[in-house]
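Good morning. Please have a look at it before I start.

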Amino acid sequence: MSYEYLCGLYRGEGSNADLTSREAREKVHVATDLDDLVAALLRAGRDVVLTGNPGDGKSHLARRLQERGALVGAELISDLSERDTAEVARSWRDAREGGRRVLLCGNEGPLRELVAVLRAHEASTKLHAELEAQIGRLLTDDPDTLPSEPRSVTLIDLADRSVLGVSLIDGVLRKVSSDEFLPPLGVVASRP
């Protein structure tokens with residue numbers, strides 16, 4: 001991990017998705033309560049769908065959980081847009097029938113397509129209804145529009161999280177001010 005790469009992340013020239021090694025992902029990961037929440041939901045028997053904008057960290061979080069062993073007994077669908085929607089729906093139904101939980105990562109557009117495919121199958125009625133009730137309704141100023149608490153599948157929209165929380169800012173500052181990120185003394189990073 002280089003200081004220049006870290007600066008590129010800051011300037012938007014790269015993303016966590018570009019990090020291919022476990023070591024590189026570990027260096028930039030800042031643990032939050034979300035790490036534990038996703039693992040706890042899966043252990044409790046719920047499926048979890050991570051959605052958000054490109055670069056929000058869906059795949060990064062899923063890989064991190066997989067690497068630390070938090071997805072044992074769960075099936076990971078790391079990018080909904082990489083597979084045929086009907087195939088994903090089939091895989092999800094098969095996992096549930098086999099008693100396995102699913103962690104699915106996908107942007108909202110492909111996720112809405114998946115809901116439509118799930119709606120067409122009677123075996124997926126509860127799944128699609130819970131998911132559809134949560135899409136676009138997790139943040140609101142009107143409590144009457146909030147969906148009921150999910151029983152089978154929990155949607156977590158990473159675009160809705162606050163990056164201004166004290167623990168997250170503290171974690172980021174500790175990471176970027178560690179010796180592994182700072183350039184050697186006397187070396188000035190070049191600017192483009």
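Helices here are DSSP runs of H or I with at least four residues, strands are runs of E with at least two, and both are numbered from the N terminus. By that definition Arg119 sits in helix α6.

A word on where the values come from. This is a predicted model, in which local features need pLDDT of at least 70 and side-chain atom pairs count only at pLDDT 80 or more, while totals for chains, interfaces and linings use all residues. Residues are numbered from 1 along each chain as its sequence is written, and side-chain values use heavy atoms, with hydrogens and water left out.

Now the overall layout. The chain has 8 helices and 4 strands, and from the N terminus on they run α-α-α-β-α-β-α-β-α-α-β-α. Of the 192 residues, 36% are buried. Buried means under 20% relative accessible area, exposed means over 50%, and partly exposed is in between, using a 1.4 Å probe and protein chains only. Contact means heavy atoms within 4.5 Å. Among contacts between residues at least 6 apart in sequence, 69% join residues at least 24 apart.

Next, two helix pairs. Two packed helices are described by the angle between their axes and the distance between the axes. Axes are lines fitted to C-alpha atoms, for helices over the stretch in contact, and angles run from 0 to 180 degrees between N-to-C directions.

Take α3, residues 33–43, and α4, residues 58–67: they pack at about 65°, with axes 11 Å apart. The two are therefore roughly perpendicular; angles of 65 to 115 degrees count as that, under 35 as roughly parallel, over 145 as roughly antiparallel, and the rest as oblique. Leu34, Asp35 and Val38 in α3 meet Leu61, Arg64 and Leu65 in α4. By class, that contact has 4 nonpolar, no polar and 2 charged residues. Ala, Val, Leu, Ile, Met, Phe, Trp, Tyr, Cys and Pro count as nonpolar, Asp, Glu, Lys and Arg as charged, and the others, Gly among them, as polar.

What do the buried residues of α4 pack against? They pack against α2 (22–28), α3, β1 (47–51), β2 (74–77) and β3 (101–105). Those buried residues are Lys58, His60, Leu61, Ala62, Arg64 and Leu65. After α4 comes Gly69, with a positive phi near 80°.

The second pair is α5, residues 85–97, and α6, residues 108–119, packed at about 60° with axes 9 Å apart. Thr85, Ala86, Val88, Ala89, Trp92 and Arg93 in α5 meet Glu113, Leu114, Val117 and Leu118 in α6. This contact has 7 nonpolar, 1 polar and 2 charged residues.

Last, α7, residues 125–134, where Leu127, His128, Glu130, Leu131 and Gln134 are buried. Down the axis of α7 they fall within an arc of 165°, so they line one face of the helix; the arc is that of the directions from the helix axis to the C-beta atoms. They pack against β1, α5, α6 and β4 (153–157). Gly136 follows α7, and its phi is positive, near 75°.

Is His128 buried or exposed? At 10% relative accessibility, His128 counts as buried. Leaving aside neighbours within four places in sequence, His128 is in contact with Val115, Leu118 and Arg119.
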